[in-house]
Amino acid sequence: MSVATRRAIYGKLAGDTTLNNLLGTPASGYTKSIYHLQAPSTAAFPYVIFQKQSGTPTEAFGDPSALENEVWLVKAIDRSTSADVAENIQARLAVLLNDQSLSISGTTWQYMRRQSDVDYPEEIDGVQYVHAGSLYRLVTSD
Amino acid sequence: MSAIYKSRLPQIEAELVAKMDAVAKAVAERTEQAAEERVVVATGRLKGAIHTDHTGEGEYSVIAGDNNAFYAHIIEHGSVHVGARPFLVPALEQVRQEVPAIAKTVLRSL
């Protein structure tokens with residue numbers, strides 16, 4: 001289930017020129033600066049990370065997994081002391097994902113909705129990074 | 001033969017707020033427990049810092065972190081160098097499904 005879903009999300013993001021123009025040069029072996037789970041160490045900033053945070057089946061009409069209820073984290077990471085660029089990407093991600101349809105192989109999309117934002121700075125060895133994105137609730141049915 | 005029916009509504013009304021607070025507390029404590037079961041453990045500091053705060057009538061917050069474990073958001077949502085290992089959102093999603101059963105248990109005594 002997750003494979004088809006993440007391919008659908010990736011496809012949605014990778015196909016948007018506006019978003020990709022906001023991102024850094026893709027790492028070697030990648031065509032877009034959009035990575036699942038973890039970016040390669042050579043990835044240029046800023047980039048997008050996405051991953052499933054949670055997945056729970058929901059019973060309906062006697063079917064214990066009639067609905068799949070998932071929470072996906074989709075965020076930008078930039079190496080900067082300013083959140084401006086990361087927040088611009090965060091905003092574009094919301095345009096692309098919030099209440100927008102997804103074509104997921106093998107299942108029926110019901111809705112995908114922004115639930116809450118995820119914003120925080122990170123400092124590693126004196127270098128500041130900015131994370132900005134959102135948690136999206138994705139509901140699909142059999 | 002006659003029967004007298006006495007309304008329990010005033011008693012239920014009087015107890016309802018406290019009972020709903022008890023439901024919220026039970027849900028929060030269950031979420032805290034589920035988060036503790038899911039969090040990755042290296043030193044145990046973060047696991048030990050997951051706690052529940054009473055923030056108002058019928059309101060509880062499950063908090064991961066304190067002055068000694070400030071990195072819960074990095075574990076939950078990821079670092080530049082390490083991917084996210086979520087524990088709080090999955091705990092909440094798990095317990096969300098248990099809320100009706102928890103509420104039923106607490107409210108049965110009304």
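Modeller: Pro46(A) lies in the loop that runs between strand S1 (34-36) and strand S2 (47-60) of chain A. The model is a predicted one, and the angles given here are computed from it. The peptide bond joining Phe45(A) to Pro46(A) is cis, with omega at about -10°. The loop between S1 and S2 of chain A also holds Leu37(A). Leu37(A) is not a glycine, yet its phi is positive, near 70°. As a general rule, most residues other than glycine have a negative phi, and most peptide bonds are trans. Leu37(A) has 12 other C-beta atoms within 10 Å, and it therefore counts as exposed, the limit for that class being 12 or fewer.

A positive phi also occurs at Asp99(A), about 60° in a residue that is not a glycine. Asp99(A) is placed in another loop, between helix H3 (84-97) and strand S4 (108-124) of chain A. With 10 other C-beta atoms within 10 Å, Asp99(A) is exposed because its count falls within that limit of 12 or fewer.

As for the contact between the chains, 17 residues of chain A and 15 residues of chain B take part. On the side of chain B that touches chain A, helix H3 (72-77) and helix H4 (88-96) of chain B are the elements that give two or more residues. H4(B) gives the most to this side, namely four residues. Sorted by class, the side of chain B that touches chain A comprises eight polar, six nonpolar and one charged residues.

Key: Residues numbered from 1 in each chain as written. Chains lettered and ligands numbered in written order. Predicted model: local features only at pLDDT ≥ 70, side-chain atom pairs only at ≥ 80, totals over all residues. Contact = placed C-beta atoms within 7 Å. Nonpolar A, V, L, I, M, F, W, Y, C, P; charged D, E, K, R; others polar. Buried ≥ 20, exposed ≤ 12 C-beta atoms within 10 Å, placed from the backbone.
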